[in-house]
Amino acid sequence: MDKLLIHGGASLKGEIWASGSKNASLPILASVLLCDGTVTISNLPELQDVITFKELLVALGVKVIAHEEATLEVDPRCVNSLTAPYELVRKMRASILVLGPMLTRYGQANVSFPGGCAIGSRPVDLHLGGLEAMGAKIEISDGYIRATCADRLAGTRIVLSSVSVGATENLMMAAALAYGTTILENAAREPEILDLANCLNRWGAKISGAGTRKVIIEGVDRMHGGCFEVMSDRIEVGTYLAAAVATSGKMKISRTDPKILEGVLKKLGETGAEIKFGNDWIELDAENRRPRSVNVQTAPYPGFPTDMQAQLTAVNAVAEGIGIVEETIFENRLMQVQELNRMGAKIAISGNSAVVTGVKRLKGARVMASDLRASASLVIAALVAEGETLVEEIYHIDRGYERIEEKLCLLGAKIRRSNQ
Ligand code: UD1
């Protein structure tokens, strides 16, 4: 198993670029199944989750015409299986996103039930309830969700009882080819939802209101496919900026959009870092400054993202003062705390909050990554810590961070991958 060896102490300085967004890529890959023409997706990040999604599409019969660098060209007209098997779904919960597209296009879909995961139970009731409201019949048997619909799904008004990114995406895709209009209320407003809607519209759908609480989807008879460039990854950008704050560094990140990082930039600014930005770049200067602690509460977009919570916990671990980090989206997402404490952090857990008393120094240790963002927080801690840290189980990191060693090396970090 690969590990990352990090020798801490260097302030991160330099310029890097943002990769394509993981969380936008996955639903866009799922929406390939809606089209009856070829599709070309560019700016796809080179990540394990993208590879797994591609494997899932291939297992369904989608033909890969070319996959070079960040661009994938596929032909979805040869789909010959409507089953997303356990072996692939268990690797990546986001596989549930093929449910809506397969059902609406082919009238049937069998998707292995995604189980819980490290950060909580993560049910899919909102996905299933929405599809049922559109006329789907759903049965759960042998660990599979078996969904069918007689003719076409029928557009309707769906009010989501709580905000869910995945359910919003699945239902938007299902409604794209449904008969009539679907109104999705209390929809998630994450930028990745807007990117998906832009992509679907480019490929022939008729969706308005994405990025607001009310999304209106007028069903169309067919989607022709075409090209689409995936947006850049705001969580990746936030993670590197958090690393710059923790290591008292200075960093410029290009190919990004500061507007969709507002909540994160506000918090990083509160640590004392100076932040400047233009249309597609962000510059953060925290040189010669120990960060001040910040209080953080996660919330659906435009609030502070749960996917940045662990990284801010790591920043608080070395900041001046006491910072409280409250997780409100997932019930078990403070897994990084135990490992950070093994590196000398002083963090207590109280309910769904981490009470972080900043220390001047962390010490390198052997630590274990438990999920994607928890792993990122361990890397940040390792970059600040005295001595060497060995981060194990880094396949989690490879699910979400493209070329992490390369980018960190460019910024002056002492990091290398080992499979010993
Ligand atoms: C997506 C992101 C993930 C991010 C999360 C919240 C992708 C691939 N993943 O995950 O990185 O952390 O949004 O921003 O885009 N819930 C239900 N029933 C459902 C669906 C969700 O109760 O049917 C609950 C979940 O358990 C969770 C909350 O709603 O507590 C939010 O989950 P959701 O927004 O659906 O997260 P994902 O789409 O799985």
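Here are legends for a few close-up views of this predicted model.

**View 1. Lys-252 and the strand it belongs to.** Start by finding strand E15, which covers residues 250-254; Lys-252 is part of that strand. Is Lys-252 buried, exposed or something in between? Its relative accessible area is 24%, so Lys-252 counts as partly exposed, because that label covers values between 20% and 50%.

**View 2. The shell around the ligand.** Count the residues around the ligand and you get 16, with Asp-125, Leu-126, Ser-164, Asp-307 and Ile-329 coming nearest. What kinds of residues make up this shell? There are seven nonpolar, five polar and four charged ones.

View 3. Look at Asn-23 here: an N or O atom in its side chain is 3.0 Å from a ligand oxygen. With Pro-123 it's a backbone N or O atom, 3.3 Å from an oxygen of the ligand. Val-165 also uses a polar backbone atom, and the distance to a ligand oxygen is 2.7 Å. On its own the ligand would expose 740 Å², and the protein buries 82% of that. Helix H5 (125-133) and helix H6 (165-176) are the elements giving two or more residues to the shell. H5 gives the most, with three residues.

How values were computed
Residues numbered from 1 in each chain as written. Predicted model: local features only at pLDDT ≥ 70, side-chain atom pairs only at ≥ 80, totals over all residues. Heavy atoms only, no water. Helix = DSSP H or I, 4+ residues; strand = E, 2+ residues; numbered from the N terminus. Buried < 20%, exposed > 50% of the residue type's maximum accessible area, 1.4 Å probe, protein only. Near = heavy atom within 4 Å. Polar contact = N/O pair within 3.5 Å; in protein donor to acceptor, adjacent residues only side chain to side chain. Areas by Shrake-Rupley, 256 points an atom, 1.4 Å probe, with all protein chains shown as cover. Nonpolar A, V, L, I, M, F, W, Y, C, P; charged D, E, K, R; others polar.
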